[in-house]
Amino acid sequence: MIEERGVKLEIEEEKEPTKDSEVFYNSEMVRNRDISIAALQTYNSRKKNLRILDALSGSGIRALRYAKEVGHAKKVTANDLKPEAYENIQKNAKINGLDLETTNQDANALMSSRRKEYDFIDIDPFGSPLKFADSAVRSIDYEGFAGFTATDLAPLCGTYKKTCMRRYGSKPYSTSYCHELGLRILMKSLFEAFARFDKVFRPKISFAQKHYYRVLGELRETKKGVNRMLDSIGYLKHCKECGFREMVEGFDSKECKECGGDLEIIGPLWIGKLGREDFAEDSLEKLEEKEYTESAELLQKCKREYKIKKPYYDTHNLASILKVQVPRLEDLIEKLRDKGYQAELTHFSDTGIRTYCPISDLKSVIREVSGS
């Protein structure tokens with residue numbers, strides 16, 4: 001018997017679960033579920049009596065936790081195509097005394113047949129969530145909320161460029177901050193999936209962990225809203241010689257304005273904010289109330305960096321370019337703030353900082369802090 005946040009599961013935990021596992025439970029996704037529940041509770045405070053779908057439920061832990069922790073949920077549906085998972089979810093709902101609707105269907109078929117039936121849909125698959133996006137759009141009501149997980153990080157990070165271009169319609173790039181670029185490509189593709197139906201998808205919380213990306217956002221059915229947010233889609237210019245990077249709506253030059261080197265053009269991708277500080281703050285309070293410490297620490301770091309749109313810098317990478325000792329992050333951030341620049345740690349990397357400081361000034365500060 002496994003227990004997660006007060007929910008009991010009669011299931012065997014696999015050390016390395018795969019898509020062929022009969023019933024899937026992954027303890028590495030606890031923070032994903034914690035933050036998703038806190039975000040949904042924040043959304044629920046604005047819209048009561050939620051109808052919730054966990055479209056690819058696996059063990060059912062996500063749906064069971066939604067039923068237990070999200071107050072005033074009108075209906076929670078747990079769906080999985082595998083009969084073993086379907087039967088296991090029903091069993092564990094009884095063990096926990098929770099009222100769930102359980103279905104045993106292909107997720108796309110279920111969502112396509114239930115148009116505008118749900119206020120929140122959670123898509124947590126193996127690989128890319130995009131193959132479920134169109135059906136999810138059809139199934140979410142007028143003012144809804146959605147959560148998407150992607151585990152196909154290798155294409156998004158540039159290891160398999162053609163796969164990313166085929167799957168997401170974007171050119172990736174393998175660099176020191178590739179996980180942020182991969183997350184931004186995912187966010188761009190989710191925005192486009194909703195935009196095709198004249199719905200705007202506004203990311204509220206997004207984050208990356210070692211084997212997945214997660215995006216949570218609200219949607220509105222408004223053509224004008226979609227048009228206004230089209231300027232959140234653009235490209236990133238990156239110079240591998242000096243580390244310069246800039247997000248732009250369009251580009252007219254491939255020459256680096258810092259060193260004159262050749263620029264890599266990455267994208268299209270999401271060039272807007274990775275999340276909203278106010279929404280993250282409300283969700284953070286809910287995590288802290290429950291003492292979900294590790295999840296709260298992750299969201300706290302995300303909240304602080306959401307205000308800075310510019311991609312983060314890896315200090316080890318810049319120190320290598322400059323051939324100096326790597327500075328202490330705390331000292332570097334303090335010095336940048338003393339000089340009037342915003343600067344924050346990033347959840348993407350233990351050696352990264354996010355700042356609007358121009359790279360020429362940033363390099364000067366690194367030299368100063370490192371004593372070189």
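**View 1. Strand 10 sits largely inside the structure.** Six of the seven residues in strand 10 (residues 233–239) are buried, so the rest of the structure largely encloses this strand. Please keep in mind, as you look through these views, that the model is predicted.

**View 2. Strand 10 pairs with strand 12.** Here strand 10 meets strand 12 (residues 263–270) in the antiparallel sense, and six bridges link the two.

View 3. A handy landmark is His-238, which stands opposite Arg-245 of strand 11. Five residues lie between the strands of this hairpin, where Gly-243 takes a positive phi near 90°.

**View 4. The second largest pocket comes into view.** Its volume is about 190 Å³. Helix 11 (293–305), helix 13 (329–338) and strand 14 (343–345) are the elements that each give two or more residues to the lining of the second largest pocket. Helix 11 provides the largest share of that lining, with five residues.

**View 5. Side chains around the second largest pocket.** Which classes of residue make up the lining of the second largest pocket? By class, there are eight charged residues, three nonpolar and one polar. Among the lining residues to look for are Glu-297, Lys-301, Arg-304, Glu-330 and Arg-337, together with Gln-300, Ile-333, Ala-343 and Leu-345.

Note on methods: Residues numbered from 1 in each chain as written. Predicted model: local features only at pLDDT ≥ 70, side-chain atom pairs only at ≥ 80, totals over all residues. Heavy atoms only, no water. Buried < 20%, exposed > 50% of the residue type's maximum accessible area, 1.4 Å probe, protein only. Helix = DSSP H or I, 4+ residues; strand = E, 2+ residues; numbered from the N terminus. Pairing = 2+ DSSP bridges. 1 Å grid on protein atoms, 1.4 Å probe; cavity = no way out; pocket = protein on both sides within 12 Å on 5 of 7 lines; lining within 4 Å. Points joined across faces, edges and corners; volume = space filled by probe spheres on them. Nonpolar A, V, L, I, M, F, W, Y, C, P; charged D, E, K, R; others polar.
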